[in-house]
Amino acid sequence: MAQNKINYSIWISDPEDAEAIAHADLRALYGYWQDKRAGRLAPTRADIDPLDFPGILPNIFLLKVLRRKDSPELDFQASLMGTRLVQHMGRDDTGKGFAEIFRGAPAVTMKVFYDRVAQTGEVCYSQLDASWMDKKYLFYERLLLPLSDDGVTVNRLIGCSLFHR
């Protein structure tokens, strides 16, 4: 995989598009999210029970979407980082903002994807290298899903990253 580049990403707007998700566990998480969504923009945080997907729980992360009244720019704060993510990253980023978690040139491109999920409620599936962690020998599949407590505004993102060598 190419160094310092996002290799492949798709926007999933229709459940049939989920067939493009390579890993069965990520397809299952998307199906779970779709069921909990129940025709709304996105499910609420309360709709999601992590015990419903114990096999990938160590790979799950939750981010709060931080919106400022005086700026259209979004920020994100990690409220949960799964234990396998902490292991791969070599640190626990719970409580940290986006710029503290993601570093270097790839972070700028990655932020575009997080922003779009938060602004539009679209789902994003990506296959990425881990060069932003200085681990060029790793790549991972990531699924980013919106959550919305009011059915109008995305206020959290739930994601899952599955690492491969």
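This is a predicted model: local features need pLDDT of at least 70, side-chain atom pairs count only at pLDDT 80 or more; totals for chains, interfaces and linings use all residues.

Guide: D93 has a relative accessible area of 0%, and because buried means under 20%, D93 counts as buried. Its side chain meets that of K96 in a salt bridge, with 3.5 Å from N to O. K96 itself is partly exposed, at a relative accessible area of 26%.

Another of them joins K111 and D115, at 2.8 Å from N to O. K111 and D115 both belong to helix α4, where they are four residues apart, about one turn of the helix. Both K111 and D115 are buried. Back at D93, there is a further partner to meet: R91, D93 and K96 are joined into one network by salt bridges that share partners.

For another setting, look at R40 and D47, whose side chains form a salt bridge of 2.6 Å, N to O. R40 is partly exposed, with a relative accessible area of 31%, and D47 is partly exposed too, at 24%.

The charged end of R116 sits over the ring of W11, 3.9 Å from the ring's centre.

The structure holds eight aromatic pairs. One of them is F76 with F98, a tilted pair with 6.0 Å centre to centre and 55° between the planes. F76 lies in strand β3 (residues 71–81) and F98 in helix α3 (residues 98–101), so their pair ties together parts that are 22 residues apart in sequence. Both F76 and F98 are buried.

F102 and Y114 make another tilted pair, at 5.6 Å centre to centre and 50° between the planes. Since F102 lies in the loop between α3 and α4 (105–120) while Y114 lies in helix α4, this pair ties together parts that are 12 residues apart in sequence. F102 counts as buried at 9% relative accessibility, and Y114 counts as buried at 1%.

Now put the two pairs side by side: F76, F98, F102 and Y114 form one aromatic cluster.

Note on methods
Residues are numbered from 1 along each chain as its sequence is written. Side-chain values use heavy atoms; hydrogens and water are left out. Rings of Phe, Tyr and Trp (its six-membered ring) pair if their centres lie within 6.5 Å; planes under 30 degrees apart count as stacked, over 60 as edge-to-face and the rest as tilted. Helices (H or I, at least four residues) and strands (E, at least two) are DSSP runs, numbered from the N terminus. Buried means under 20% relative accessible area, exposed over 50%, partly exposed in between (1.4 Å probe, protein chains only). A charge sits over a ring if NZ of Lys or CZ of Arg is within 6 Å of the ring centre and within 35 degrees of the ring normal. A salt bridge is a side-chain nitrogen of Lys or Arg within 4 Å of a carboxyl oxygen of Asp or Glu.
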